[in-house]
Amino acid sequence: MELNNLTFLITGGAGFIGSNFIHYLLRKYSQIKVINLDKLTYAGNLENLKSVKDDPRYRFVKGDIRDAKLVDKIMEKVDVVVHFAAETHVDRSIMEPAAFVTTNVVGTQVLLAAALRHKIKRFHHISTDEVFGSLPLNPKLRFNEKTPLRPNSPYSASKAGADLLVRAYFKTYGLPVTVTNTSNNYGPYQFPEKLIPLAITNLLEGKKVPVYGRGINVRDWLWVEDHCRGIELVLQKGKVGETYCLGGPEDMINNLEVVKRILRIMGKDEESIELVKDRPGHDLRYAIDSTKAEKELGYQPEVHLDEGLERTVEWYKENRDWWQKIKSGKYKSYYERQYGKK
Ligand code: NAD
Ligand code: TYD
């Protein structure tokens with residue numbers, strides 16, 4: 001599919017990956033139109049899109065993906081949906097799971113129904129590797145497109161529910177869908193509740209970094225712009241009805257090692273690590289086998305973790321206003337609830 005001249009509905013475009021994707025599209029395609037539908041929950045931030053807010057190709061609509069009337073109206077003008085909007089933080093899903101079900105499952109169904117009604121050209125659903133559950137610490141084992149869904153947290157269960165509805169809309173109604181299941185993203189504009197931005201901003205504030213359990217859990221880290229390129233490739237060359245797993249360039253780096261690398265970049269010692277109570281149901285390991293996307297689409301993640309962490313640390317150093325505003329607001333009560341009073 002040729003992307004220029006199309007009108008995109010980006011849901012959740014004021015969040016971390018959605019805003020990076022909007023910047024990416026507007027940078028690359030001169031004739032594109034982008035509608036960003038976002039509820040602006042605690043995680044949505046229009047500061048992420050300050051530099052494009054007056055771009056004639058871009059329009060922001062504040063609204064909820066669960067609002068069927070609004071969604072139906074917006075969908076009239078849309079060619080392609082890229083659906084990012086979701087409640088995304090595992091720890092919050094353990095505290096209060098309800099919004100995860102209504103936004104991630106019900107909200108996705110509302111979008112699918114409107115997309116079908118208006119016969120859009122493509123519905124691309126952004127999902128996560130967390131729907132596949134957890135792997136042992138064996139580098140030979142990885143998730144791929146055939147791995148069964150075995151979600152363990154309310155977050156991943158709600159994303160799995162959404163993935164299944166997307167599949168059902170393809171199989172039952174022939175809606176032209178594609179899905180990507182992606183590993184942990186990191187980079188600019190990530191809300192500082194997730195491990196990497198939490199670690200960097202805590203260190204910039206002179207605080208310790210809370211590491212769950214013994215820090216042995218492993219994630220598959222993906223630079224956010226590599227993810228954006230992967231989505232673009234799926235839109236251009238992906239087959240309708242197919243799922244693509246998009247992972248990062250390396251594997252088997254545990255959380256303690258990730259934090260130690262950040263400490264090294266920031267010139268801090270290991271005194272700044274604090275081992276804290278483990279997350280309930282904490283998945284041990286995620287790892288993605290991207291072979292299908294590599295072979296069929298030419299997908300290749302380019303930014304290795306060391307380089308990506310350097311860039312991310314630099315971004316948070318240069319954008320203190322962005323995260324200090326977040327951390328001085330409601331975030332404080334979340335932080336105390338999650339980590340205890342400090
Ligand atoms: P985020 O939490 O930074 O942003 C989510 C955005 O969705 C926010 O702008 C929020 O305001 C918006 N939103 C939430 N509920 C809404 C609703 N009911 N109606 C409209 N907008 C709503 O999330 P992110 O990290 O950018 O993740 C984006 C997508 O990518 C999600 O679907 C997530 O499951 C998926 N994903 C994320 C990662 C990751 O590492 N961050 C990895 C794989 C997949
Ligand atoms: P997170 O960024 O929340 O992403 P996810 O749970 O979706 O993978 O967490 C990444 C890893 O870091 C995960 O194994 C949990 C761990 N973690 C900590 O050790 N301390 C923290 O304060 C946070 C937020 C996460």
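On a 1 Å grid over the protein atoms alone, a pocket is an open set of points with protein on both sides within 12 Å along at least five of seven lines, whereas a cavity is a set of points where a 1.4 Å probe fits but cannot get out, and lining residues have an atom within 4 Å of a point. Grid points are joined across faces, edges and corners, and a volume is the space filled by probe spheres set on the points. The model is predicted, so local features need pLDDT of at least 70 and side-chain atom pairs count only at pLDDT 80 or more, while totals for chains, interfaces and linings use all residues. Residues are numbered from 1 along each chain as its sequence is written, chains are lettered from A and ligands numbered from 1 in the order in which they are written, and side-chain values use heavy atoms, with hydrogens and water left out.

**Pocket and cavities**

The largest pocket holds about 450 Å³ of space, and among the 18 residues that line it, Glu145, Asp163, Arg167, Gly241 and Thr243 lie nearest its centre. Helix H5 (154-173) and strand E6 (177-182) are the elements that give two or more residues to this lining, with H5 giving the most, 5 residues; helices (H or I, at least four residues) and strands (E, at least two) are DSSP runs, numbered from the N terminus.

A search of the whole structure also finds 2 cavities of 30 Å³ or more. The second largest cavity has a volume of about 70 Å³, and its lining includes Glu130, Arg219, Arg279 and His282.

**The two ligands**

Glu130, Arg219, Arg279 and His282, together with Tyr339, come nearest to ligand 2 among the 18 residues around it, where a residue counts as near if one of its heavy atoms lies within 4 Å. Ligand 1 is surrounded by 29 residues, of which Ile17, Asp38, Thr88, Tyr155 and Lys159 are the closest. The table lists polar contacts, each a pair of N or O atoms within 3.5 Å; within protein, one must be able to donate a hydrogen and the other to accept it, and residues adjacent in sequence count only if both atoms are side-chain atoms.

| Ligand and its atom | Side chain | Distance |
|---|---|---|
| Ligand 1, nitrogen | Asp64 | 2.9 Å |
| Ligand 1, nitrogen | Thr103 | 3.0 Å |
| Ligand 1, oxygen | Tyr155 | 2.7 Å |
| Ligand 2, oxygen | Arg219 | 2.7 Å |
| Ligand 2, oxygen | Asn255 | 2.9 Å |
| Ligand 2, oxygen | His282 | 2.7 Å |

Taken alone, ligand 2 exposes 510 Å², of which the protein buries 98%, and ligand 1 taken alone exposes 840 Å², of which the protein buries 97%; these accessible areas come from the Shrake-Rupley method with a 1.4 Å probe, and for residues only the protein chains shown count as cover. Strand E8 (209-212) and helix H6 (195-204) each give two or more residues to the shell around ligand 2, and E8 gives the most, with 3 residues. Around ligand 1, at least two residues each come from helix H1 (16-28), strand E5 (122-128) and H5, and E5 gives the most, with 3 residues.

**Aromatic pairs**

Rings of Phe, Tyr and Trp (its six-membered ring) pair if their centres lie within 6.5 Å, and planes under 30 degrees apart count as stacked, over 60 as edge-to-face and the rest as tilted. By this rule there are 19 aromatic pairs. The ring centres of Tyr42 and Phe191 are 5.1 Å apart with their planes at 85 degrees, so this pair is edge-to-face. Because Tyr42 lies in the loop between strand E2 (33-38) and strand E3 (58-62), and Phe191 in the loop between strand E7 (185-186) and H6, the pair ties together parts that are 149 residues apart in sequence.
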